[in-house]
Amino acid sequence: MIMIKIENYINGELVPPNFGEYFDNSSPVDGQVYSQIPDSDATDIDNAVASAKESFKSWSKLSKKDRHDHIMRLADEIENHFEELVEAESKDNGKPEHLARSVDIPRASENFRFFATASLHFDSEVHEMDGKALNYTLRKPVGVVGCISPWNLPLYLLTWKIAPALAAGNTVVAKPSEITPMTAFLLSKICQKANFPKGVLNIVHGFGHKVGEALSKHLDVPIISFTGGTATGKKIASVAAPMFKKLSLELGGKNPNIIFADAEFDKSVEMAVKAAFSNQGQICLCGSRLFVQDSIYNNFREAFIEKTKLLIVGNPKDENSNLGAVVSEQHLDKILECIELAKSEGGKILTGGNRIILDAELSNGYYMEPTIIEGLSHACRTNQEEIFGPVVSIIPFKGEVEVIEMANATKYGLSASIFTKDISRAHRVAAEIDAGIVWVNTWMLRDLRIPFGGMKNSGVGREGGFKSLQFFTEPKNVCIKI
Ligand code: NDP
């Protein structure tokens with residue numbers, strides 16, 4: 001097997017890390033090492049930031065239309081390399097190829113197209129003062145942006161940050177997750193193919209505590225956009241906040257999925273399965289706490305178990321596989337530990353709970369049964385802490401007041417789903433739930449224009465649409481006396 005050597009992308013060139021050190025990257029699909037990742041350090045970040053700072057002088061002065069045209073070429077090249085990216089994302093992350101083909105990679109090119117176009121429509125505001133004065137608010141790019149992204153939707157979330165940052169006229173130093181670096185590496189090559197201006201986007205690979213931290217505290221990086229775990233977000237905020245950096249944090253979730261007795265039964269069962277187990281339950285928006293009204297609880301539980309048992313955990317290349325591998329051995333162990341914790345808290349495993357060993361060359365991959373747990377209080381650790389795997393806890397409730405109280409009784413506040421035919425109730429509950437995003441009778445229906453982000457420990461700030469362009473620009477008001 002040819003061992004792929006991933007390189008950093010600095011000033012338009014693919015370069016090794018300064019100290020020449022690499023570490024292994026294995027595929028969760030079969031547990032085999034198949035590539036090497038640069039073990040970069042602060043000196044590589046220094047080089048990337050210097051290159052981004054220099055390129056900012058010209059990139060920030062380009063017309064919106066010129067920036068738009070450059071960014072659109074990246075989207076075109078992603079589409080030209082579509083299948084290569086699909087296979088790479090699946091191999092690196094473990095997700096089914098059909099999921100990468102229908103969600104991750106189309107969204108990566110869509111992110112570039114959407115924000116390149118949005119920047120053309122993004123305008124300054126004017127505030128007129130009864131004929132006495134006129135205020136206009138200029139929005140200027142901030143400078144070198146640090147973009148730090150996680151492993152669950154690698155290229156999707158990386159491009160969700162870098163597309164608006166670039167479209168707004170900033171230059172970028174990105175740090176993808178060290179667990180899934182491959183599609184970011186391919187993106188570097190795509191930039192070269194598209195003749196993307198040198199130094200405008202730089203990508204440095206390596207460990208979070210080394211390069212991520214060096215990027216967060218770099219004096220020439222005034223703005224950080226981070227998506228990842230709440231604990232890491234806290235560390236980044238503790239470094240960046242005293243330096244008064246602009247900070248956007250998209251963090252963890254423990255999202256309630258609430259099924260009222262009058263909900264459309266089959267549809268809500270289907271959506272609950274999707275919300276719990278898509279991407280092996282490794283989406284920050286997954287509905288990991290399933291609240292079901294007591295009058296339909298038994299029927300719903302049986303239908304939910306039956307549908308879950310039909311899910312196929314298998315080879316990510318197979319079109320029939322509903323779930324692939326979870327991202328790493330370490331993560332699989334963490335999920336299994338969470339299941340042991342649930343049992344020790346008195347939880348009953350209704351289905352799943354175990355690792356799966358697939359045949360032949362996939363026998364060392366990290367596969368896991370979709371798991372349903374019942375019988376736990378909403379306040380126990382299992383129902384409070386993010387598991388981030390194919391595990392859902394099912395909890396009965398009597399009425400609206402009780403379920404709102406339970407749904408809100410976590411430190412998180414990212415998303416929620418409500419299933420009911422009663423439109424007044426849908427509005428009432430949506431208004432009371434602590435979550436940045438509430439879906440009614442659906443889950444993960446995304447419009448890129450909406451404000452996206454979480455409350456409480458799920459994040460700070462909102463991205464999406466013009467919110468992203470506002471975050472990635474600095475407003476400056478000019479007041480003219482008439
Ligand atoms: P982590 O927080 O572990 O890592 C995210 C990124 O931060 C990685 O690139 C990581 O690098 C880097 N990092 C780690 N330590 C530091 C540090 N001290 N300073 C700077 N950067 C650092 O998250 P995961 O990758 O495990 O992703 C899963 C988490 O992300 C879940 O909690 C999930 O809910 C959340 N998430 C939130 C989303 C949202 O929109 N709210 C969307 C998707 C996921 P390395 O990998 O090298 O450690």
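Residues are numbered from 1 along each chain as its sequence is written, and side-chain values use heavy atoms, with hydrogens and water left out. Because the model is predicted, local features need pLDDT of at least 70 and side-chain atom pairs count only at pLDDT 80 or more, while totals for chains, interfaces and linings use all residues.

**The ligand site**

Let's start with the ligand, which sits in the largest pocket. A pocket here is an open set of points on a 1 Å grid over the protein atoms alone, where a 1.4 Å probe fits and protein lies on both sides within 12 Å along at least five of seven lines; a molecule sits in one if more than half of its atoms lie within 2 Å of its grid points. Around the ligand are 32 residues, each with a heavy atom within 4 Å of it. The closest are Glu178, Thr232, Leu251, Cys284 and Glu386. By class, the shell holds 13 nonpolar, 13 polar and six charged residues, with Gly counted as polar and Cys as nonpolar.

Helices (H or I, at least four residues) and strands (E, at least two) are DSSP runs, numbered from the N terminus. α7 (208-216), β11 (223-227) and α8 (230-240) each give two or more residues to the shell, and α7 provides the largest share, four residues.

| Residue | Atom on the protein side | Distance |
|---|---|---|
| Trp151 | polar side-chain atom | 2.7 Å |
| Gly208 | polar backbone atom | 2.9 Å |
| Gly206 | backbone N or O atom | 3.4 Å |

Taken alone, the ligand exposes 900 Å², and the protein buries 89% of that (Shrake-Rupley method, 1.4 Å probe).

**The paired strands**

Two strands count as paired if DSSP finds at least two bridges between them. An open sheet of mixed pairing is formed by three strands in the order β1-β5-β4. β1 (4-5) and β4 (22-26) each have a single partner strand, so one side of each is left without a neighbour in the sheet. β4 pairs with β5 (residues 33-38) in the antiparallel sense over five bridges, and Asp24 has Gln36 in β5 as its bridge partner.

Elsewhere, β6 (residues 125-129) and β7 (residues 133-141) are antiparallel over five bridges, with Glu125 opposite Thr137. They form a hairpin with three residues between them, and Asp130 in the turn has a positive phi of about 45 degrees. β7 also pairs in the antiparallel sense with β25 (residues 473-481), over nine bridges; there, Leu138 has Lys476 as its bridge partner.

Note on methods
A polar contact is a pair of N or O atoms within 3.5 Å; within protein, one must be able to donate a hydrogen and the other to accept it, and residues adjacent in sequence count only if both atoms are side-chain atoms. On a 1 Å grid over the protein atoms alone, a cavity is a set of points where a 1.4 Å probe fits but cannot get out, and a pocket is an open set with protein on both sides within 12 Å along at least five of seven lines; lining residues have an atom within 4 Å of a point.
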